[in-house]
Every structure is written in C-alpha cells, then in structure tokens.
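Subject: Structure for your review

Dear colleague,

Please find below the structure that I am handing over to you. I would be grateful if you would look through it before reading my notes.

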Amino acid sequence: MTGSRLHPSRKLPLTLTAVFCTLLWGSAAPFIKWGYDLFGITRTGDILVFAGIRFLLAGLLVILAGSLMEHRFLAPEKKSLGPIIVLAFFQTFGQYFLYYLGVSKASGVSSAVITGTGAFISLLMAVYVFRYEQMTSRKAAGCLAGFAGILVMNGAALFQSDVACGGGELLILISQVFSAVSAAFIKKFTQSQSAVMLSGWQFAAGGLALAASGLLAGGSIPAGSLSGWAVILYLAFVSAAAYTLWGLLLREYPLSRVGIYNCLIPVAGVFWSAALLQETAQAFSPRTLAAMGLVVFGVWLVNRPAPSGNPGQKE
C-alpha cells in the first residue's frame with residue numbers, strides 16, 4: 001500500500017495543524033487525572049486497563065475514519081505488519097505504560113511541562129540516531145533552552161528514585177524518549193505507507209497490549225461512571241486526531257520543525273490543569289511561567305529561519 005494522502009496536491013499547513021495537535025495533547029494529562037478521579041482508579045492494573053481502552057478505541061476511530069475516506073476497509077498489507085508492531089511498541093505500549101503510571105504520581109501541570117521535552121529529544125534523535133538532518137547552533141540553543149525550562153519546573157523531582165515520592169516525573173520523562181523514537185520511525189514508515197492506516201492499527205495493537213497487561217496485573221474494566229467513559233472517549237479522540245495529523249506532518253516536513261511544536265504542550269497543559277484540576281496556584285507561579293517562557297523560546301529558536309548566508313544548513 002502506498003502512502004495515501006488526505007490532500008494529494010498540497011501539504012497540510014504546518015503551524016496551524018501542529019498547534020491544533022498540541023492543544024489536544026496538552027489536555028491529555030489533566031483529563032487522564034480527571035478520569036482516575038471519576039473511576040476511583042489507584043491500582044497499577046486499573047491504570048493500564050484505562051490506558052488500553054483509550055488507545056483501542058482510538059485505533060478503531062482512526063480505522064473507521066480512514067475506511068470512510070478511502071471508501072474501502074483500511075486493512076494492513078503484509079509489509080505493514082512490521083511497522084505496525086514497531087510503532088505499537090514505541091508509540092503506544094512503551095510510551096503510555098510509563099506515561100500513565102507517571103501521571104498518576106505527578107501533578108497535571110508537571111506532567112504537561114515535562115511532556116514538552118519530547119520536542120527536544122525528537123530533535124536529538126533525528127540528528128544523532130536516525131541522521132535525518134544536521135545539528136545547527138540554533139537547534140542546539142533551542143534544545144538547551146527547552147531543557148532548562150524542564151529543570152526550572154521539575155529539576156529535583158526528576159531524579160527521585162522512589163516513584164511514590166515523586167518519581168512519576170522521571171517516568172514521564174522516559175516516556176518522551178519512546179515518543180521521540182516513535183516519531184522518527186513514523187517519518188520513515190510514512191514515506192511509503194499510509195499514515196492513517198499505520199496510526200489506526202498500531203493504536204489498536206498497542207491498546208490491546210496495555211489492556212492485557214493491566215488485566216494480568218489484577219486490573220478490571222472501569223464501571224459506574226458515565227462521566228468517566230465520556231473522558232475515555234475524549235482521550236480516544238485526542239489520540240486518533242492528533243497522532244494521525246502528526247504522522248501526516250512528519251511525512252511532509254523535517255522532523256525538527258514538526259517535533260519542536262511539542263514544546264507548546266506545556267503551555268496548553270498548564271491552562272487545562274488550572275481549569276480542570278484547580279491547580280491554579282502551580283499553573284501561574286513564577287517558576288511555571290519561567291519554565292514555559294524558556295520552552296517557548298526554544299521553539300522559536302528551532303523554527304527561526306536559517307540566515308541566508310548559510311545555505312548549506314539542512315532544515
């Protein structure tokens with residue numbers, strides 16, 4: 001199957017699409033924590049089942065939407081099975097196994113700000129691991145500014161060895177490494193295969209794996225809260241819409257230019273947390289505002305056009 005395109009004659013607009021995705025992702029951490037409260041979820045097994053249901057539903061939504069757009073069932077071909085397994089492991093199972101456990105131990109504001117590191121880790125992966133592009137002084141300065149923002153926000157908590165005492169922040173940080181690896185693989189795989197098809201089937205596979213691991217750990221399917229199920233459906237929509245659009249952007253644009261927009265997730269996440277979780281004091285504290293300022297400055301540095309005198313720089 002060749003890469004299908006929603007708009008074969010033109011690219012998706014980078015900034016508008018990327019900002020829309022990051023606004024959705026910024027809402028994820030506070031909605032996850034809200035879902036935990038609505039269902040009374042505290043055990044690891046229940047957390048993983050909650051995550052698995054979300055991503056299984058997200059996969060089914062993407063497959064349904066893709067099938068309607070292409071007027072046929074969006075079934076994977078044999079050559080797609082390897083990429084689906086790789087993405088299911090890195091993008092869904094590995095990343096969100098760590099992320100959901102981390103969010104259960106960290107505040108919504110902290111979770112959102114740390115998620116912004118994915119932008120800089122993606123850049124480092126693109127330059128030094130997958131060799132998609134070259135490092136420049138602007139990109140290096142942007143990375144340093146972004147990581148400085150994370151340290152300002154959560155420097156002490158990141159290195160807590162005991163998850164129960166704050167190490168949730170470290171789990172979220174490690175999950176962003178999985179996210180960065182998956183972004184690089186998405187860019188590779190979507191050059192020859194449908195981003196929509198890969199997104200849908202890897203979500204379904206990863207969601208099943210998360211749910212199965214939760215059930216094996218003693219978890220159960222959440223019940224008793226219509227509001228909680230509404231939250232799960234919203235989170236499924238977040239994944240279905242944002243990751244599918246993100247995959248289309250990664251196919252069309254350099255990894256660093258797309259990935260750096262992840263740094264806007266903290267900005268959206270902080271305000272979502274203030275609104276939904278009443279974390280207003282932390283959201284608008286001087287430390288949080290300084291951290292967000294550094295992260296947004298990093299986004300600007302990486303996306304600033306290269307000087308005209310440096311035509312040799314890869315963008």
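Predicted model: local features only at pLDDT ≥ 70, side-chain atom pairs only at ≥ 80, totals over all residues.

The whole chain

The protein chain contains 14 helices and zero strands. Of its 315 residues, 57% are buried. The accessible surface amounts to about 12800 Å², and carbon and sulfur atoms contribute 69% of that surface.

Helices α2 and α10

Helix α2 covers residues 28-39, and its axis lies 9 Å from that of α10, at an angle of about 155 degrees. Angles over 145 degrees count as roughly antiparallel, and α2 and α10 are therefore roughly antiparallel to each other. The crossing of α2 and α10 is left-handed. On the α2 side, the contact involves A28, F31, I32, W34, G35, L38 and F39, which meet S227, G228, W229, V231, I232, Y234 and L235 of α10. By class, these residues comprise 11 nonpolar, three polar and no charged.

Helices α9 and α10

Helix α10 (residues 226-252) also packs against helix α9 (residues 195-216), with the axes 9 Å apart and an angle of about 140 degrees. That angle makes α9 oblique to α10. Here the crossing is right-handed. From α9, the residues in contact are A195, V196, S199 and F203, while α10 provides S239, A240, Y243, T244, G247 and L248. This contact has six nonpolar residues, four polar residues and no charged ones.

Helices α1 and α12

Which helix does α1 meet through T22, L23, W25 and G26? The partner is α12, where I265, A268, G269 and W272 take part in the contact. The contact of α1 with α12 consists of five nonpolar, three polar and no charged residues. Helix α1 spans residues 14-26 and helix α12 spans residues 265-277; their axes come within 7 Å and cross at roughly 40 degrees. The two helices, α1 and α12, are therefore oblique to each other. Their crossing is right-handed.

Yours sincerely,

A colleague

Definitions and conventions: Residues numbered from 1 in each chain as written. Heavy atoms only, no water. Axes fitted to C-alpha atoms, helices over the stretch in contact; angles between N-to-C directions. Helix = DSSP H or I, 4+ residues; strand = E, 2+ residues; numbered from the N terminus. Parallel < 35°, antiparallel > 145°, perpendicular 65-115°, else oblique. Left-handed = near helix turned anticlockwise from the far one by under 90°. Contact = heavy atoms within 4.5 Å. Nonpolar A, V, L, I, M, F, W, Y, C, P; charged D, E, K, R; others polar. Buried < 20%, exposed > 50% of the residue type's maximum accessible area, 1.4 Å probe, protein only. Areas by Shrake-Rupley, 256 points an atom, 1.4 Å probe, with all protein chains shown as cover.
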